[in-house]
Amino acid sequence: MQVPLLDLKQQYLTLREQIRAEVDQIMDSQMFIGGPKVEAFEKAVCAYTGAGHAVGVTSGTDALLISLMALEVKAGDAVITTPYTFFATAGSIARVGAAAVFIDIDPQTYNISVPALRRYLEGCKKNAQGELISHAGQTIRAIMPVHLYGLCCDMDGVLELAAQYKLPVIEDAAQALGAEYPGKKGKGSAGAMGDFGCYSFFPSKNLGAFGDGGMVVCRDAAMADKLRALRNHGGERRYFHKMVGGNFRLDALQAAVLAIKLPHLDTWSARRRTNAALYHEAFAKAGLASTVTLPAEPYAASGLTNHHIFNQFIVRVPRRDALCDYLAQEKVGHAIYYPLPLHLQECFANLGYKEGDFPEAERAAKETLALPIFPELTPEQIHAVVASIAAFYK
Ligand SMILES: Cc1ncc(COP(=O)(O)O)c(C=O)c1O
């Protein structure tokens, strides 16, 4: 049986009429940039996540970039993040001229390792102004943790260290809108726990637009005003610019589509969890429980519904590349996220990292692959995926 990695058409068909009516209305109004559709969607995301303020932008990448711009991170500065993430996380840091400081990941969750982060921070010195200085001599300006694959990282640990070292936290929640975290101070929503939270509405995300789209949420009203100005070339008043921003505006069409989809997000994420549970059963039945390492669900016992939202379903396997070749032959959808950790990317050679610096990120890049998990995946398709994998290891 052929199984696609992702099938967006089925979901679209369930909302087709509603979306078309809304798109028609926008076409008739000819109001494409900003306006009430964007504002309504921003409010809806605030209500959904509990965030104070939301600013719709062009993409998840630009959400990260504009957050760094709002903090005025610049050349000579450094931002701490993980080397095992989509390129945009560290790419945004480089684009403001700063250096990424990488910290290895936890091998179970693939998210930033808090003990490794603590060790790194303990090794930093302060300058005469009391600023924290990276081991390479830059001024550390922020921590940018990622909630990878739809699972929140250890935010209690990150926030405790951020408070201790007085660093703002920009959550890269591009893959995690709606994911919940059982924090010591109560439930947290991915993106709404730090100072800034960045979402992507790339079509393959749990909440996907009909093109690119993104959003920044933040706590502070003044920061939200600054973000709004930055997304519009930095001008608070038209044609008068105190700062240089860019064109980072979210289209009304995208906002309208996303606003229609948002009320369904929890149902879709629940189906992804059901599919994950079916994989667990099927792999156990196939006798592969000790061969294939399934995604950790560290918050499953917390009682939170969205303890994992499975934007991707990542398994760790022996002979990964040979398995991928076999699955390609069997027409079973799969993908490798991410084959080369960011500290080993050619464009970051200037940062001075080398192979062996982050063993867990490097191991994850060699041993993991994503299997289909989209909400409309059927139990038959899941069994076909597992049967193919079982045939490979037979
Ligand atoms: C972890 C992470 N950060 C940032 C981004 C960038 O988002 P976008 O593709 O909307 O620019 C993505 C999207 O793939 C992502 O997965």
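Which helices each supply at least two residues of the shell around the ligand? Hi everyone, let's start there. They are α3 (60-70) and α4 (87-95); helices here are DSSP runs of H or I, at least four residues, numbered from the N terminus.

Some housekeeping. This is a predicted model, where local features need pLDDT of at least 70 and side-chain atom pairs count only at pLDDT 80 or more, while totals for chains, interfaces and linings use all residues. Residues are numbered from 1 along each chain as its sequence is written.

Back to the ligand. A residue counts as near if its C-beta atom, placed from the backbone, lies within 6 Å. Among the 15 residues around the ligand, Ser59, Gly60, Thr61, Ala174 and Ser200 come nearest. The shell has 5 nonpolar, 8 polar and 2 charged residues (Asp, Glu, Lys and Arg are charged; Ala, Val, Leu, Ile, Met, Phe, Trp, Tyr, Cys and Pro nonpolar; the others, Gly among them, polar).

Now, how do those two helices pack? The axes of α3 and α4, lines fitted to C-alpha atoms over the stretch in contact, are 9 Å apart at an angle of about 40°, on a scale from 0 to 180 degrees between N-to-C directions. That makes α3 oblique to α4, as angles under 35 degrees are roughly parallel, over 145 roughly antiparallel, 65 to 115 roughly perpendicular and the rest oblique.

Finally, the domains, whose bounds come from an automatic or database assignment: domain 1 is 9-263 and domain 2 is 264-393. In domain 1, 35 residues are in contact (C-beta atoms, placed from the backbone, within 7 Å) with 35 residues of domain 2.

Notes
Contact = placed C-beta atoms within 7 Å.
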